[in-house]
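Subject: Structure handover and notes

Hello,

Here is the structure I said I would pass on. Please look it over alongside the notes below.

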Amino acid sequence: YGVELKKKHANPSRKSASYIRQAAFEGSDRQIRGAIIRSLVAHEAMTRKKLFSVLDYAPARMAGILEDLKREGLVKYNGGLLTL
């Protein structure tokens, strides 16, 4: 149904003054956040060193994203281990 509607009508959100197109997912902070969460779900708890070795992203960038996740309450540090 949505496909047919898109053929007949333009996206009304694009007419909004505050409309912005979302940045590409590949290589984005959103992708790294997802990878961190998936790794912690799979392993339950990991050290930062282990997480950095498992994921192939720049450690400085991952550290900043981890701090954001911690501030948001999605990741916790428990005795040197990262947990959800």
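This is a predicted model: local features need pLDDT of at least 70, side-chain atom pairs count only at pLDDT 80 or more; totals for chains, interfaces and linings use all residues.

Residues are numbered from 1 along each chain as its sequence is written, and side-chain values use heavy atoms, with hydrogens and water left out.

Overall form

The protein has four helices and three strands, where helices (H or I, at least four residues) and strands (E, at least two) are DSSP runs numbered from the N terminus. Along the sequence they follow the pattern α-α-β-α-α-β-β. The radius of gyration is 18 Å, whereas a compact globule of 84 residues would have one near 12 Å; the value is taken over C-alpha atoms, and the globule rule is 2.2 Å times the number of residues to the power 0.38. Along the principal axes, the C-alpha atoms fill a box of roughly 55 × 25 × 25 Å.

Of the 84 residues, 23% count as buried. Buried means under 20% relative accessible area, exposed over 50%, and partly exposed in between (1.4 Å probe, protein chains only). The protein exposes about 6,400 Å², with carbon and sulfur atoms supplying 56% of that area; the areas come from the Shrake-Rupley method with a 1.4 Å probe, and for residues only the protein chains shown count as cover. Among contacts (heavy atoms within 4.5 Å) between residues at least 6 apart in sequence, 51% join residues at least 24 apart.

The three strands make an open, antiparallel sheet in the order 1-3-2. Two strands are taken to pair if DSSP finds at least two bridges between them. Strand 1 (45–46) and strand 2 (76–78) are the edge strands, each pairing on one side only. Strand 3 (residues 81–83) is joined to strand 1 by two bridges, and these two strands run antiparallel. Within strand 3, T83 stands opposite A45.

T83 is buried, because its relative accessible area is 13%. Its side chain makes a polar contact with the side chain of N78 at 3.0 Å. A polar contact here is a pair of N or O atoms within 3.5 Å; within protein, one must be able to donate a hydrogen and the other to accept it, and residues adjacent in sequence count only if both atoms are side-chain atoms. Leaving out residues up to four places away in sequence, T83 touches E44, A45, L74, V75, K76 and N78.

The core

A nonpolar core is a set of buried Ala, Val, Leu, Ile, Met, Phe, Trp, Tyr and Cys residues joined through side-chain atoms within 4.5 Å. The largest one has 15 residues, of which I36, L51, M62 and L66 touch the most other members. Helix 2 (29–43), helix 3 (48–54) and helix 4 (59–71) each supply at least two residues of this core. Helix 4 gives the most, with five residues. Apart from neighbours within four places in sequence, L66 is in contact with I36, R48, L51, F52, V75, Y77 and L82.

Helix 2

L40 is found in helix 2 and counts as buried because its relative accessibility is 1%. With neighbours within four places in sequence set aside, L40 is in contact with A45, M46, V75, L82 and L84. L40 and L84 are 44 residues apart in sequence, with a C-alpha to C-alpha separation of 6.7 Å.

S39 is also found in helix 2, and its relative accessible area of 9% makes it buried. Not counting residues up to four places away in sequence, S39 touches M46, L51, V54 and L55. The C-alpha atoms of S39 and V54, 15 residues apart in sequence, are 8.3 Å apart in space.

Two loop residues

S28 sits in the loop between helix 1 (2–8) and helix 2. S28 counts as buried because its relative accessibility is 12%, and its side chain reaches the backbone oxygen of F25 at 2.7 Å.

D56 belongs to the loop between helix 3 and helix 4. D56 is exposed, with a relative accessible area of 75%. Its C-alpha atom is separated by 9.5 Å from that of I32, which is 24 residues away along the chain.

Regards
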